[in-house]
Amino acid sequence: MLTELATFSDRLFVAAAGIYALAMIFHAVEFAAARAKSPALVGAGAPAEESTRTRPERFGRMAVAVTVLGAALHLVSLATRGLAAERWPMGNMYEFISAICLAAVVTWLVVLRRSPSARPAGPFVLFPVLVLMALAGSVLYVPTGPVVPPLRSYWMSIHVSTISVSSGLLVVAGVASLLFLLRRSGSLAGVAEKLPAADALDRLAYRITIIAFPLFTFAIITGAIWAEAAWGRFWGWDPKETVAFVSWVIYAAYLHARATAGWRTGRAAWVNVAGFATIVFNLFFINMVVAGLHSYAGVG
Amino acid sequence: MAPTETPTRAHPQRDSPTPRPRLAGVWAVLRNGWRGLTSMRTALVLLFLLAVAALPGALLPQRSLNQRLVEEYFADYPWLAPTLDRLGFFDVFAAPWFAAIYLLLMISLVGCVLPRTLEHAAALRAEPVATPRNLSRMPHHASGTLDVGLDEAVERVRSRLRGWRSVERPDGAGRTISAEKGYLREAGNLLFHLSLVGLLIGVAAGKLFGYEGQVIVMSGGGQFCNTGILGYDTFRAGLRVDGTDLTPFCIRLDDFRAEYRPNGQAESFRGQLAYQSAEEVASGSDEWRTHRLEVNHPLRVDGNRVYLLGHGYAPRFTVTWPNGEQRTGAIQWRPVDQATLLSEGATKFEPPGITDSEQRRTSQLAITGLFAPTSSGGDVVTSVFPALLAPEVAVDVLRGDLGLDDGRGQSIFQVDQRMVESGALVRVARANLVPGESLTLDDGTEIRFDGVQDWAYLQISHDPGQEAVLVFAVLLLGGLALSLTIRRRRFWARLTPTDDGARTVVELGGLARTDRAGYGEEFARLRADLLDPPEES
């Protein structure tokens, strides 16, 4: 029964990833078709203009609807994984990355709900999610199983969940800042011009970060409380702790940069991208290359 | 260095009137230096430096975490490691340059936050600023006419602005109301930064007055009392700890149990602990309280914590000399493979009853080799499972001078190889034994492998600063949440009665002082409530 549930969870994971891929294609179609818009606007009359405008938009709306479906399957995949393993489903890299991706997708859907004009950023948000899920589903995949004794604590559900959600938020914020920089730089004009307005992207990155940062802080504090009970000290500069500290300092710098004349937009965005880079670095390099107390990857 | 969205508030020091420098040069240098240090830009640079400086702590092996990896690094990069070592890269978080960065950052923070605290305290007492002459220039603006007299209109605005700090001022024939809200943003911001300082002080207190020691305790009644540093196998003392002031509580490991899944993955470790607090020990009580010691479930006693870090096995041997004398020894052997708990060690014996030191030195015994909790069987013993399913030892028995008398400490897990090389210690037997089996040496000495005892690797930690750190961490988080969610905003209303006094012209203006995004909706609600009263709609 439990193994069937585990298989079911794996299939849902693959299905969710496939659906995100489909959504990304729909987004990309809308994005690409938006180029055809300008000549049509100039040349053709009102009816032609309407038809060229609605078709890409239909793809865009479909992309969002499909993403919602994917997120629902993804959530069920994670939940059934937990049921099959009879524990909180964030005990190894596969599950952890799955949770981060779900958080990123849900964040993106909330963003879309509040400002639908952000939709052209869709392909670029779903792309890193797909890359992460592809890695998680292949090289990082491990079958369901129990976790080692140190992970058996209710702090795991609190610490790892909040880390996952804040990481997911920061992925979207990082992409928004990258797109902002692209949009502002003017290079790749064909792509950049179709992105949401620069200040909208910048505001998006900032708004997500100010939610993610306190959550990330909370996650680090719960990690410290747990480490005090599990490892004998609340902070020990374990490699993962160290890079989390680095990320925290960089995001603190981002918030300060936002309040400093001359740093407010462009440089601040670079700082946010740097923070994003440390999050990804912490996720892969520290878990898989450096040996530390957080080496729960279940691989290598 | 506290973040805010308003440029003029980012550098509060710069707004202060410049005192006329009398001792011109020195004062100017000091003042400019201080302003530079406490400016937001410096804080930003220091934050980046802190982030960059911490990175080698994750990328290079650190002494505080794993001495062995540092040694490997020295072996792998002999041309680079000594230089890195001189610069402190293997002890990043104890390096002076790392401390310099965070101390400068803290000074910068205090220098920025203290004046802002005073400023905020003044702002809390001050009245909201006067209504600007031209409200239509405000980012948010609306106007309308109410079909009520001035007093009623004022009352309406006043009641809507409950919860705002507001003040009314006469304005020609009419009145203005200035209101401001969101003071908690700055309060949260200040709380966050001051908590950061408190947190650092808490951490420093822990580093000064805390200690941490590890000790191996035998299951089946092994005892440890926290009376001094010598009782520990390893001990890391805080800078102000000399070991004379430890809390002398006692623990006893009555039983230890490890369970494993069929694939060898650990299922649970459980130590049955008995303990007495220092007070109970002093009172001579023989009552012991019990605690189930597990991973994630430390014992907390007298402000100390006892953790279960690991476990292993101690094979027990009995040596019977030809004269009938017997000695039994069981000392921990060290796991060389954490997955199967294959262990190595050296159990050492001295022949009893021999007083002649020369003779003593030639007849000491050491039983060294490998221990497998679940042996693979066969001639070459290796372990296939970490639990005690089929224990077996593969031992060499060495006889001669163990070199215990030369005053140097030696490993409890090994014999002194120089004694072997010099020929003072000679191998006299080699055998694989399962519990109950024995071997006999050429002089008739019999060595029996009796069985196996568990031992637990415990850590005792003392950190007097950690409660303070937790409190400050929670305050920090609360301050952060306040400062990032609350918006500081201003609202003005100018009410002017029409000439007949029956109606009132209302002009509204709004300005977000911190984060423009988001005030629009609230302003729209205020406008709707004040200018489109429900009875009219």
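**Close-up views of a predicted model**

**View 1. Strands 7 and 8 of chain B pair in the antiparallel sense.** In this predicted model, strand 7 (residues 250–260) of chain B and strand 8 (residues 266–276) of chain B are joined over ten bridges. Tyr260(B) sits opposite Ala266(B), a residue of strand 8 of chain B.

**View 2. An open sheet of four strands in chain B.** The strand order is 5-7-8-9, with antiparallel pairing. Strand 5 (222–225) and strand 9 (289–294) of chain B stand at the edges. Each has a single partner strand, so one side of each has no neighbour in the sheet. On average, neighbouring strands of this sheet are turned by 30° against each other, direction ignored.

**View 3. The contact between chain A and chain B.** Here 39 residues of chain A are in contact with 42 residues of chain B. Helix 8 (198–230) and helix 9 (239–257) of chain A each supply at least two residues of the side of chain A that touches chain B. Helix 9 of chain A gives the largest share, twelve residues. By type, the side of chain A that touches chain B divides into 27 nonpolar, six polar and six charged residues.

**View 4. Arg361(B) in helix 11 of chain B.** Helix 11 of chain B spans residues 357–362. Leaving aside residues up to four places away in sequence, Arg361(B) touches Asp401(B) and Asp405(B). Ala122(B) lies 82 Å from Arg361(B), C-alpha to C-alpha, and 239 residues apart in sequence.

Definitions and conventions
Residues are numbered from 1 along each chain as its sequence is written. Chains are lettered from A and ligands numbered from 1 in the order in which they are written. This is a predicted model: local features need pLDDT of at least 70, side-chain atom pairs count only at pLDDT 80 or more; totals for chains, interfaces and linings use all residues. Two residues are in contact if their C-beta atoms, placed from the backbone, lie within 7 Å. Ala, Val, Leu, Ile, Met, Phe, Trp, Tyr, Cys and Pro count as nonpolar, Asp, Glu, Lys and Arg as charged, and the others, Gly among them, as polar. Two strands pair if DSSP finds at least two bridges between them. Axes are lines fitted to C-alpha atoms, for helices over the stretch in contact, and angles run from 0 to 180 degrees between N-to-C directions.
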